[in-house]
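Open the model in your viewer and keep the sequence panel beside it. The stops below say what to select next and what is there.

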Amino acid sequence: MGNIILSEEEIKKICQRVAGEITEALKNDEKIPVFVGVLKGSLNFMMDLMKYIKFPIYNDYIQISSYQGTTSSGKIRLVKDLSFDCEGRSIIIIEDVIDTGLSMHYLIEHMKVHNPKRIYVCALFDKSYARAIDVKTDFIGVKLDHNVFLMGYGLDYNELERNVPYVYGADKEDVERLQNALDKDNM
């Protein structure tokens, strides 16, 4: 297995720190804010993060698709929209990784149709070096300064490894191992 990027203990500390930052930023909101998890990668991060928020919150989910295997297709497709009324509320978009910024830009623009009070962006990983379009990340778990294919803790290879409780940088052998498992499963 590739190098461990974040251990379970490091993830817990990041969730506590980021939740504290969010709590401080939104503590005076009049309406209950909405945490919007970007399915499926952000689920683990969002669920752990919410444990440490110090005021009531709503949560909802949105799903987009742009990845095939290990690479982005560049085309963003809305798979599942919000089901909660976010008008006049702060929205906190919770994402696993922001790299090119294209998906997050799409999400921010899409959220505007829900007439929120404000849109915040929270990411476990920020790969700002990879930006193709400028997007602001309000709350960041970890800034990465090099390219690594992340897996575990919600991050996947063709839906596998989301259940691993830590994040690791996948190497060629990891991808081959998982692809072999998929190939055997599809026989």
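This is a predicted model: local features need pLDDT of at least 70, side-chain atom pairs count only at pLDDT 80 or more; totals for chains, interfaces and linings use all residues.

**Stop one: threonine 137**

Select threonine 137 and aspartate 126: their side chains are joined by a polar contact of 3.3 Å. A polar contact here is a pair of N or O atoms within 3.5 Å; within protein, one must be able to donate a hydrogen and the other to accept it, and residues adjacent in sequence count only if both atoms are side-chain atoms.

Residues are numbered from 1 along each chain as its sequence is written, and side-chain values use heavy atoms, with hydrogens and water left out.

Threonine 137 lies in the loop between S6 and S7. Helices (H or I, at least four residues) and strands (E, at least two) are DSSP runs, numbered from the N terminus. Is threonine 137 buried or exposed? Threonine 137 is buried, with a relative accessible area of 13%; buried means under 20% relative accessible area, exposed over 50%, and partly exposed in between (1.4 Å probe, protein chains only). Leaving out residues up to four places away in sequence, threonine 137 touches Ile98, Val121, Ala123, Asp126 and Arg131, where contact means heavy atoms within 4.5 Å.

**Stop two: strand S6 and its partners**

Select residues 118–126, which make up strand S6; eight of its nine residues are buried. Next, colour strand S5, residues 90–98. S5 runs parallel to S6, and eight bridges join the two; strands count as paired if DSSP finds at least two bridges between them. To see the pairing, look at serine 90, opposite arginine 118 in S6, and at isoleucine 92, opposite tyrosine 120 in S6.

Strands of a sheet pair through backbone hydrogen bonds, either parallel or antiparallel.

Now select strand S7, residues 139–143. S7 is parallel to S6 and joined to S6 by four bridges. Phenylalanine 125 has valine 142 in S7 as its bridge partner.

Go back to S5, where nine of nine residues are buried. Strand S2, residues 34–39, also runs parallel to S5, with four bridges between them. In this pair, glycine 37 stands opposite isoleucine 94 in S5.

**Stop three: helix H3**

Which residues of H3 are buried? Select Ser103, Met104, Leu107, Ile108, His110 and Met111, which are buried in H3. Viewed down the axis of H3, these buried residues fall within an arc of 165°, so they line one face of the helix; the arc is that of the directions from the helix axis to the C-beta atoms.

**Stop four: two cysteines**

Select cysteine 15 and cysteine 122. Cysteine 15 is buried at 0% relative accessibility, and cysteine 122 is buried with a relative accessible area of 0%. The cysteine sulfur closest to that of cysteine 15 is in cysteine 122, 8.6 Å away, which is too far for a bond. A disulfide is a pair of cysteine sulfur atoms within 2.5 Å, and by this rule the count is zero.

**Stop five: isoleucine 57**

Isoleucine 57 sits in the loop between helix H2 (43–50) and strand S3 (58–68). Isoleucine 57 is partly exposed, with a relative accessible area of 23%. Leaving aside neighbours within four places in sequence, isoleucine 57 is in contact with Ile32, Pro33, Phe35 and Met50. Draw a distance between the C-alpha atoms of isoleucine 57 and phenylalanine 35: these residues are 22 apart along the chain, and the separation is 7.0 Å.

**Last stop: a three-stranded sheet**

Finish with the open sheet of three strands in the order S1-S9-S8, paired antiparallel. Strands S1 (4–6) and S8 (150–151) are at the edges with a single partner strand each, so one side of each has no neighbour in the sheet. Two bridges pair S1 with strand S9, residues 167–169, in the antiparallel sense. Select leucine 6 to find valine 167 of S9 opposite.
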